[in-house]
Structure formats: structure tokens, C-alpha cells
Amino acid sequence: MKNFLDDNFLLNNKTAETLYHQYAKDMPIIDYHCHLPPNHIANNTQFENLTQIWLYGDHYKWRAMRTNGVDEHFITGTASDKDKFLQWAKTVPYTLRNPLYHWTHLELQRYFDVHTVLNEQTANKIYDECSEKLRSPEYSVKNLLRKMNVHTVCTTDDPIDSLEYHQQLKNDGFEIPILPAYRPDAAMNPDNPVNFNKYVDAVATASAITINSYDDYLAALKNRHDYFTANGCKVSDHGLEEMYVTPADEATVAQIFLKVRNGATLTLTENHQLRAALLQQFAEWDHEKGWIQQYHLGAIRNNNTRMATKLGADTGWDSIGDFSHAKATATFLNKLDTNNKLTKTILYNLNPADNELMATMIGNFNDGSAAGKIQWGSAWWFLDQKDGMTKQINALSNMGLLSKFVGMLTDSRSFLSYPRHEYFRRLLCNMFGEEIENGELPNDIEWTGSIIKDICFNNAQTYFNF
């Protein structure tokens, strides 16, 4: 029987062990999509305790605690940090077979050298020990990134963001590039006319362009797109329920914009026409600048109206959707490709039923102009676990070239999430190792190791040109 989370965790044969320890383990990390707050990096934040860095904003843990019957007072409420942590510690033993159990203990080991299992009995000691370490200079945010061998980070930023913290980091000479990503979700969401118009006004302020028409709006958003480029941005990102491709001519889109600008609610068709026009425009700007565009498809968000209204977005009320992605995604990409305006693209799906769809979709538009030009992104959100990642790797292997995959990302708001890269790397090495030992792949460790190093780091470095 193997020990829990030992050096060969998830590595079930000698070949896998060799591949991981000699080829994957020490590769740097390119975190090309995450939600880390750049102000904490720029200010080199020193967290006071384990709750602040580990539980604040982590809706994965919040959902588990709620399911375990923990009152909201101890999750997002006014309970003390210590009491919140104790409630999390009581919950952890009940997360067996949930990825939170593995992530929790990997993070305790890798950051704090704590190898004790977290539960109600060990909670106080672990909290005090880790909190004391967090208050030392060695555990400042910048040093946490250094500790995890992070090469580059791309945050997720609204077009109206000033990017002041990215500028501060560059001016300070921080050796790990912290780059912005253009995320215009709010810019193309007219569901609520009041909120949309407030956002349009904010775009006007940020761009110093008065917005009285759709053309004005495009000019203002283009101004922000240019501003992001001037501040090191090389990627965009979109969180969409589905691809929007409902056609409309320019005059119709302009009328639709004026309608919502005047406070009227759009019909569903008008809503999708405006979204489609903006999505197309963003993609053309990305191509113009040579950016990589990313599309996260399939989440339905804020399903619990009562709690989402009380606590706000990104507090744990989202789930997998069952949208039909195939035709719309193909139509969207094909229009760009036909007009020679399709830049490098990464597609992510949230519903595992769409795995094979995405694995084959990317092959439709890989035209040989760049290795892996169109990528199927790593298993995302609810799929970011052992089974989900295994299925994604297998489907990509079967229907594309795993060897050209740009690999893992954190997609996290936590500075303690980088062991997710280790988790992915161990699973990857184990899969190759098993097939080598089964005689399904040749016993060429050097070549296989080079492929693993590419997936862990080299492919992303080449693809993003970081």
C-alpha cells in the first residue's frame, strides 16, 4: 500500500515515476489564464493568516462547506478568520474523492511543508503554523510565485481597468511578467439595460470618447484594446454561455445599440445580434494584433437568485450548462477563417459531453500556419480534476495531437493553487508510463520525456511567445 501523497502520488509504475521526476517536475509554469488579483502582486501582499489566502474568494471550498451544512456566517459572513478556518477543517474529511481533498493537502505540503492530514483535531496546529509562516517575508505574494517556479502570469481584466498594477510591476522590475488579458464580457452583455448603460458610460470615461452611437462604442472599445496592447497584453478571454452568431447588418446592429442605450429591453434575437457583432469585432482586433483569443463556453451562472443577489457574482452558484455548441462555434471560426482574420484560438468546454466535439472542432481550422494554432484548452472548472483531465487528455490524444497541447493553467483566484500544475503533470506522466509499460508505446524515455516537457511548458512558451 502506498502512502498518501508521497513522492510518487498518482504515479503507478516506474516509468511514470521516471517521466515525472526527470522531465516534468522541474519545468517552469506559464499560467496563461488565471484570476489572480494584480494589486496583491504589485503590493507584494503579506497575508496575515491561512484563511485570508486560502478561503477568501474560493467558491470551490464554499460550495463544499455549504453542502456539509456549514452556516453562511462561517463562509462569507462575519465570523472570525480562525472560526472560518475551523469550519473548513471540519469539512475537509468529508471531501474524500472530491479534488478539494487532494488540492488541500498538496497545497499544505508544497507551500508549508505540512504533511499532516487536515481535520478538526489538527486544525488549530496547522492554522497557527501556516499563519506564522505567511507573516514572514519568505511568504510574500511575489515569493510564493517564485517558490512555485512561475515563469509568466496572465491575469483577467476588464477593458475599463486602468492596468495600474501591471504598470507598477513592470516599473518595479519584477522578474516574473504579470500581463493583462482583455475580458470584455460586460461590454457585450445587454441583458439588463441599466447595468449595460452604466458600463457603456464607464467605457466612455476610460477611453475619453463620448458614446452616442454604436460606432462611438466600437471606437471606445478599440481604444481600450489598443491600451491593453501598450501594456503588454497578448491574450483575450471570453466567458460565454455559447458562441453568438445571429447575423445582422451594420445598420441593424447600430439601431439595436441605440435601443438599449435608450433604456429599452432587447428581444432575444436583438440581444444575440448585438453580442454576435461585438464578438466578431473583438476577434478581428485580436487577429490584427496577433493576440491569442480564448473562449470559455458552457457555464450557467448565478442560478440561485436569492443568494447571488445577496452575495454577488462568483460566490458559488454556477453550474454546467447544456448548450449546443457545434454549429455556432464552427460558423464563428469559419467566418473569421474565410476572411483571413482567425488568430490563434483556445476553446474550453464545461460540459464533458462536448469533449469529442471540441477535440474534433479544432482540427477544422488547424491550417498548418502554426503548430496547434487552434487549441482545445485544458479541462475547465468543474472538470479540473482527475477524471475530467484524464478524459480531456484521452479525447485530445485520440482526435488531435496531444504533443502540441499548450497544457495546464490554474484558472484560480488563489495564490496557493499552483500545485494544480503538478497534479496535471503527474496524471500526464502516469498515462504515458502505463502505456509504455503495457507495450502500447515504445520504451523511448528520452523522446517521451521531451514530449512531456513540451506539454508542461515549451509548447505554451512558443505558442504565446512569452
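Which elements cover the buried residues of helix 5? The tour begins there, in a predicted model in which local features need pLDDT of at least 70 and side-chain atom pairs count only at pLDDT 80 or more, while totals for chains, interfaces and linings use all residues. Residues are numbered from 1 along each chain as its sequence is written, and side-chain values use heavy atoms, with hydrogens and water left out.

**Helix 5**

Select residues 81–91, which form helix 5; helices (H or I, at least four residues) and strands (E, at least two) are DSSP runs, numbered from the N terminus. Asp81, Lys84, Phe85, Gln87, Trp88, Ala89 and Thr91 are buried in this helix, where buried means under 20% relative accessible area, exposed over 50% and partly exposed in between (1.4 Å probe, protein chains only). The cover over these residues includes helix 3 (50–54), helix 4, helix 6 and helix 7 (123–134).

**The largest cavity**

On a 1 Å grid over the protein atoms alone, a cavity is a set of points where a 1.4 Å probe fits but cannot get out, and a pocket is an open set with protein on both sides within 12 Å along at least five of seven lines; lining residues have an atom within 4 Å of a point. Grid points are joined across faces, edges and corners, and a volume is the space filled by probe spheres set on the points. The largest cavity holds about 50 Å³. Its lining includes Asp58, Trp103 and Arg420, and helix 6 contributes the largest share, 4 residues.

**The second largest pocket**

Helix 11 (214–230), helix 12 (250–261), helix 13 (268–289) and helix 15 (326–338) each supply at least two lining residues, and helix 13 gives the most, with 6.

**Strand 6 and glutamine 293**

Now move to strand 6 (residues 292–297). Because 6 of its 6 residues are buried, strand 6 is largely enclosed by the rest of the structure. Ile292, Gln294 and His296 point one way, and Gln293, Tyr295 and Leu297 the other. Strand 5 (residues 235–240) runs parallel to strand 6 and is joined to it by 6 bridges, with two strands counted as paired if DSSP finds at least two bridges between them. Strand 9 (residues 345–349) also pairs with strand 6 in the parallel sense, over 5 bridges. Valine 235 stands opposite isoleucine 292, and glutamine 294 opposite isoleucine 346.

Centre on glutamine 293, which has a relative accessible area of 0%. Its side chain makes a polar contact of 3.0 Å with that of tyrosine 295; such a contact is a pair of N or O atoms within 3.5 Å, and within protein one must be able to donate a hydrogen and the other to accept it, while residues adjacent in sequence count only if both atoms are side-chain atoms. Not counting residues up to four places away in sequence, glutamine 293 touches (heavy atoms within 4.5 Å) several residues, among them Ser236, Asp286 and Thr345.

**Aspartate 387**

Finally, select aspartate 387 in helix 17 (residues 386–399). Aspartate 387 is partly exposed, at 43% relative accessible area. Its C-alpha atom is separated by 9.8 Å from that of leucine 427, 40 residues apart along the chain.
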